[in-house]
Amino acid sequence: MLNTKIIDDLKNLSLLIVEDGEDIIKIMDSTFKALVKNIYLAPNPQMGMELFQNHKPDIILTDIRMPRAKDGNDFIEQVRTIDTNVPIIVVSAYVHDLTKGDLVQFIMEKPIDFMELIHMIDKAIKQTKRVD
């Protein structure tokens, strides 16, 4: 169950989701649209990087294995060259493919438990002091 403090903490956030699965990105979009101020959706790391640079989101959720030249590991590394503090949560069915685990705050294995993910987002934001 979400308490009102978590809901209040999330409502001013901007969230970037980098995910190639169309069904998952639709579910995440509809779930988080009601909880956060801004949501940016990227179907691949290249677009994710563009959205990251243009919008400077408060938190990032990213998959690891995506069918392009760059994967989630490359994306994470690239983000960290620009911003060492933005919280990154990996959400993947292939967490064993994560090679940049030292650069992320949390890891969630798919299938996604959305209540757990929301609590994880809240915790990650509080750890980086982006929410009072």
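Methionine 47 is partly exposed, at a relative accessible area of 38%; here buried means under 20% relative accessible area, exposed over 50% and partly exposed in between, computed with a 1.4 Å probe on protein chains only. The model is predicted, so local features need pLDDT of at least 70 and side-chain atom pairs count only at pLDDT 80 or more, while totals for chains, interfaces and linings use all residues. Residues are numbered from 1 along each chain as its sequence is written, and side-chain values use heavy atoms, with hydrogens and water left out.

Methionine 47 belongs to helix H3; helices (H or I, at least four residues) and strands (E, at least two) are DSSP runs numbered from the N terminus. Leaving aside neighbours within four places in sequence, methionine 47 touches Leu41 and Ala42, where contact means heavy atoms within 4.5 Å. Valine 18 is 29 residues from methionine 47 in sequence, and their C-alpha atoms are 8.2 Å apart in space. Glutamine 46 also has its place in H3, which covers residues 45–55. With 33% relative accessibility, glutamine 46 is partly exposed. Between glutamine 46 and phenylalanine 75 there are 7.7 Å in space, C-alpha to C-alpha, and 29 residues in sequence.

Phenylalanine 75 leads on to helix H4, where the buried residues are Gly72, Asn73, Phe75, Ile76, Val79 and Arg80. These residues cover an arc of only 160 degrees around the axis, which puts them on the same side of H4; the arc is that of the directions from the helix axis to the C-beta atoms. The cover over the buried residues of H4 includes S1, H3, S3 and S4.

Buried in H2 are Ile25, Met28, Asp29 and Phe32. Seen down the axis, the buried residues of H2 fall within an arc of 105 degrees, so they line one face of the helix. An α-helix has 3.6 residues a turn, so residues three or four places apart point the same way. The opposite face, turned away from the buried side of H2, carries the exposed residues Asp23, Lys26 and Ser30. Packed against the buried residues of H2 are strand S1 (14–18), strand S2 (38–42), strand S3 (59–62), strand S4 (88–92) and helix H5 (114–127).

Rings of Phe, Tyr and Trp (its six-membered ring) pair if their centres lie within 6.5 Å, with planes under 30 degrees apart counted as stacked, over 60 as edge-to-face and the rest as tilted. By this rule there is 1 aromatic pair. The ring centres of phenylalanine 32 and phenylalanine 114 are 6.2 Å apart and the planes stand at 55 degrees, so the pair is tilted. Phenylalanine 32 lies in helix H2 and phenylalanine 114 in helix H5, so the pair ties together parts that are 82 residues apart in sequence. Phenylalanine 32 is buried, at 1% relative accessibility, whereas phenylalanine 114 is partly exposed, at 21%.

Across the whole structure, a search finds 9 salt bridges, each a side-chain nitrogen of Lys or Arg within 4 Å of a carboxyl oxygen of Asp or Glu. One of them joins arginine 65 to aspartate 97, with the closest N and O atoms 2.7 Å apart. Arginine 65 lies in the loop between S3 and helix H4 (72–82) and aspartate 97 in the loop between S4 and strand S5 (106–109), so this pair ties together parts 32 residues apart in sequence. Arginine 65 is partly exposed, at 39% relative accessibility, and aspartate 97 is partly exposed too, at 24%.

Lysine 100 and glutamate 77 meet in a salt bridge of 3.1 Å, N to O. Lysine 100 lies in the loop between S4 and S5 and glutamate 77 in helix H4, so the pair ties together parts that are 23 residues apart in sequence. Another salt bridge connects lysine 11 with aspartate 8, at 3.7 Å between the closest N and O atoms. Finally, salt bridges link Lys5, Asp9, Asp122 and Lys126 in a network.
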